[in-house]
Amino acid sequence: MPGVDVVLPCLDEEQALPWVLERIPPGWRAIVVDNGSTDGSAATARELGATVVPEPRRGFGAACHAGLTAAEADIVCFCDCDASLDPALLVPFVEAVREGRSDLVLGRRRPQTRGAWPAHARAGNLALSRMLYARTGVRLHDLGPLRAARREKLLGLGLTDRRSGYPLQMVVRAADAGWRIEERDVPYRPRTGKSKVTGTWRGTWHAVRDMRAVLQERPAAGAAREGTEGAEGIEETEGIEGVAR
């Protein structure tokens, strides 16, 4: 059984895959979830040694959850497959989870170029950050896709969103359960290829709509909280800098 599984949701990312997969830390397993690619992504991933999981249902959440259920390692990480984030950055995330210092570690994306962060994504996140704080009392800089947590605990959250709301639902339900949520700065590069979600105003709107629905969920009655610190200890900030993908 691998020490760590890295879930890589993939939709037409053939050009980015070699860069991403060569940066998976030694001893870790890459799980590329093919979400209906037509460019040969699945074949390229197999050739490069990744485990490929098909998920025909379109949706970022559908791909992420298919990877989570296919994972076998104690600790599962998530990373975009578009070369905007380096999976090697996950090493300290995993150490924090393994040593019990955090239950969920998120990457706060720090753009490396002016064009890496579209204005419409920033606008959507400003509204979203306020709604997140009102719902959970948690303030974050970002809901980025680079993250790590224990597999069994993630499955225990009962995540149901299969679209753009999946990353947010993970944070909301973790906060409700009293998880210790940590945020770490990570460099954010220009992506290879076109964004599937936030590349347009329309895509951003659909993402915000999905996340708004997640924020309308109420905590499950009698939900057991797993810690006393929760996510409230995160430093107060101005708002989330990225929606998703």
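User: Alanine 83: buried or exposed?
Analyst: Alanine 83 counts as buried, because its relative accessibility is 2%, and the cut-off for buried is under 20%. Keep in mind that this is a predicted model.

User: Where is alanine 83?
Analyst: Alanine 83 lies in the loop between β4 and α4 (91-98).

User: What is its phi?
Analyst: Phi of alanine 83 is near 70°, a positive value in a residue other than glycine. Most residues other than glycine have a negative phi.

User: And what about the phi of aspartate 12?
Analyst: Aspartate 12 also has a positive phi, near 55°. That residue sits in the loop between β1 (4-10) and α1 (17-21). Aspartate 12 counts as partly exposed, because its relative accessibility is 31%.

User: New topic. How many residues are in the largest nonpolar core?
Analyst: That core has 36 residues. Those touching the most other members include Phe78, Leu104, Leu154 and Trp179.

User: Which elements supply it?
Analyst: Several give at least two residues each, among them β2 (29-34), β5 (104-111) and α5 (119-136). The largest share, seven residues, comes from α7. There is also a second, separate core of 33 residues, including Val20 and Cys81.

User: Where is glutamate 182?
Analyst: Glutamate 182 is in strand β7 (residues 181-188).

User: Which side chain does its side chain make a polar contact with?
Analyst: The side chain of serine 102, at 2.5 Å. Leaving aside neighbours within four places in sequence, glutamate 182 also has contacts with residues including Ala96 and Leu104.

Note on methods:
Residues are numbered from 1 along each chain as its sequence is written. This is a predicted model: local features need pLDDT of at least 70, side-chain atom pairs count only at pLDDT 80 or more; totals for chains, interfaces and linings use all residues. Side-chain values use heavy atoms; hydrogens and water are left out. Helices (H or I, at least four residues) and strands (E, at least two) are DSSP runs, numbered from the N terminus. A polar contact is a pair of N or O atoms within 3.5 Å; within protein, one must be able to donate a hydrogen and the other to accept it, and residues adjacent in sequence count only if both atoms are side-chain atoms. Contact means heavy atoms within 4.5 Å. A nonpolar core is a set of buried Ala, Val, Leu, Ile, Met, Phe, Trp, Tyr and Cys residues joined through side-chain atoms within 4.5 Å. Buried means under 20% relative accessible area, exposed over 50%, partly exposed in between (1.4 Å probe, protein chains only).
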